[in-house]
Amino acid sequence: MLPYLPNFIPIDYRLFGLLPIRPFGILVVTAIIIGFHTGRRRAISVGLDRDTYERGFTWTLAIAFIISHIVDVTFYYPERILADPLVLFKLWDGLSSMGGFFGAVVGVYVFFKLKMKVSALQYAETFLFGIVPAWIFGRMGCTVVYDHPGIRTDFFLGMAYRDGIVRHNL
């Protein structure tokens, strides 16, 4: 069994005593950096404009995060909206991978097709080169916060959850 990580890793660091820095956030930022650089290298290698790629990545990422949060709150925790409608604006408070993918598609379309009037598919292809390695770090983030508990197991890669039950981490 893999140990319950918070017992071994201090989970809440504070930058300058204020900004919380947690393993999930570190892994997501790592994923963004790797995805950005891998995709940019691909864009340059196929002759696409570097500046357009970088601006498009920023737009796409921003829209993906916004929609990711809205999907998370709307579909997984609608009761939170009823309790506090401002939760929709707290973008740091919950993300959905599928919402992020949908948001990225919207972001690519809005920036490349509507704003820049260039081939959205060419640039989207470069983003896919970045998503593959980035996804590894994003999923590691989900793992360290025990975001996807599976069924009870005695398999050696099972993870002990807060409640003491060993489960597959999906």
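1. In this predicted model, Tyr-146 sits in the loop that joins helix H5 to strand E3, the latter spanning residues 149–152. The phi angle of Tyr-146 is near 55°, which is a positive value in a residue other than glycine. Most residues other than glycine have a negative phi. With a relative accessibility of 7%, Tyr-146 counts as buried, because the cut-off for that class is under 20%.

2. Lys-117 belongs to the loop between helix H4, residues 97–116, and helix H5, residues 120–144. The relative accessible area of Lys-117 is 66%, and this residue is therefore exposed, the threshold being over 50%.

3. Helix H5 also packs with helix H2, which covers residues 50–76. The angle between H2 and H5 is about 75°, and their axes are 11 Å apart. Because angles of 65 to 115 degrees count as roughly perpendicular, H2 and H5 are described in that way.

4. Which residues of H2 and H5 meet? On the H2 side they are Thr-52, Tyr-53, Gly-56, Phe-57 and Thr-60, and on the H5 side Tyr-123, Thr-126 and Phe-127. By class, the residues of this contact comprise four nonpolar and four polar, with no charged residue.

Notes: Residues numbered from 1 in each chain as written. Predicted model: local features only at pLDDT ≥ 70, side-chain atom pairs only at ≥ 80, totals over all residues. Heavy atoms only, no water. Helix = DSSP H or I, 4+ residues; strand = E, 2+ residues; numbered from the N terminus. Buried < 20%, exposed > 50% of the residue type's maximum accessible area, 1.4 Å probe, protein only. Axes fitted to C-alpha atoms, helices over the stretch in contact; angles between N-to-C directions. Parallel < 35°, antiparallel > 145°, perpendicular 65-115°, else oblique. Contact = heavy atoms within 4.5 Å. Nonpolar A, V, L, I, M, F, W, Y, C, P; charged D, E, K, R; others polar.
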